[in-house]
Amino acid sequence: MAHLTGWWRLGVVGLVVAFLLVTSGAVAEAAPLQPCNNYTHKEEGGHIYVDLRFDKATGHYTTLTIFLFVDDLGAAPGTYYWNNVLNGQPGPSHFEIKDNNFHTILRMNDPVDHWAFGDRYKMQATHYSPATRKSYLAAYNECVITPR
Amino acid sequence: MNDTTKAWALHCTAELAHHISEALADLLPEDVRVLSAGLHIMLEKTPPGRVVSDFEVSAPADFDATTAYYVLNDLTDQVSMYLHRAWPTNSDGTALHAWAGEKDGVIELAFRGEGANADVTPIDLPSFPVPPRPESTVIVG
């Protein structure tokens, strides 16, 4: 009887552990995204910074400004290839050859990648540095475009 | 789709466009020169300041001899358009065509005869060493 009880207890503990793992994962996935106002997403080799800036044309804060910073300054010069991703949908690809870190803007009334408040924004980018012979990837940042 | 080699392929193509622009300097008529900026290639009529043709090379998914062939071929077409005749030609006037091949990480470039003219003397251009592929990927954002 004691033997069976031990197995029963082990089963209960296992179920509890499984339940906690599943629910903690669900909670992590459901964590709300941060607003794109003064937003920073840091990874091992650099960070993305997004902010909402005033646009003289609209008279409101309707210009997303996006920066990609590579920590290794020597790796910043090179070719940047990127898409603006809105609500999971990548827009047209762009590329730029830069001698420094990367910056772009996205206006609310952009003819192609236009956005609305409440949309999710992601900068999806790759960069090649001939100096370090490495690729640099931005794919994990994401924020919600929120009025300020 | 945004993969980690795309930026490298664009870098190589821009470097190649610059390489070809310089390589053609001695073949072009005296009043024309080629300029490149990224994937943009311009034909400029000298004295400097008048751009007579401006086009952009297609952004490649990868970089290899085929990419190089397209860049050289597109540029050749632009020159022919400007000159209103086949270009380049060899000493007896036979039209030559863009050619590119890859050997041991080096892109070989030339203008060669085709078809019945396959045996005519080609014009070899300086080879283009392919920049090394990315060795690793660093996550930055």
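Q: Which strand of chain B is joined to E9(A), and how many bridges are there?
A: In this predicted model, E9(A) is joined to strand E7 of chain B, residues 136-139, by four bridges, and the two run parallel.

Q: Which residue stands opposite Leu137(A) there?
A: Ile139(B), in E7(B).

Q: Is E9(A) mostly covered or exposed?
A: Mostly covered: the strand spans residues 134-138 of chain A, and five of its five residues are buried.

Q: Which way do its residues point?
A: Lys134(A), Tyr136(A) and Ala138(A) point one way from E9(A), while Ser135(A) and Leu137(A) point the other way. In a regular strand, side chains alternate between the two faces of the sheet.

Q: What does E9(A) pair with inside chain A?
A: Strand E8, residues 120-129 of chain A, pairs with E9(A) in the antiparallel sense over five bridges. Ser135(A) in E9(A) has Tyr128(A) opposite.

Q: How many residues lie between E8(A) and E9(A)?
A: Four, and the two strands form a hairpin. In the turn, Arg133(A) has a positive phi of about 60 degrees.

Q: Changing topic, what is the order of the open sheet of four strands?
A: The order is E1-E2-E3-E7 in chain A, with antiparallel pairing. Its edge strands are E1 (39-43) and E7 (102-107) of chain A, each pairing on one side only. On average, neighbouring strands of this sheet are turned by 20 degrees against each other, direction ignored.

Q: And how many bridges join E3 to E7(A)?
A: Six bridges join E7(A) to strand E3 of chain A, residues 60-70, and the strands run antiparallel. Within this pair, Thr63(A) has Arg107(A) in E7(A) as its bridge partner.

Technical notes
Residues numbered from 1 in each chain as written. Chains lettered and ligands numbered in written order. Predicted model: local features only at pLDDT ≥ 70, side-chain atom pairs only at ≥ 80, totals over all residues. Pairing = 2+ DSSP bridges. Axes fitted to C-alpha atoms, helices over the stretch in contact; angles between N-to-C directions. Buried ≥ 20, exposed ≤ 12 C-beta atoms within 10 Å, placed from the backbone.
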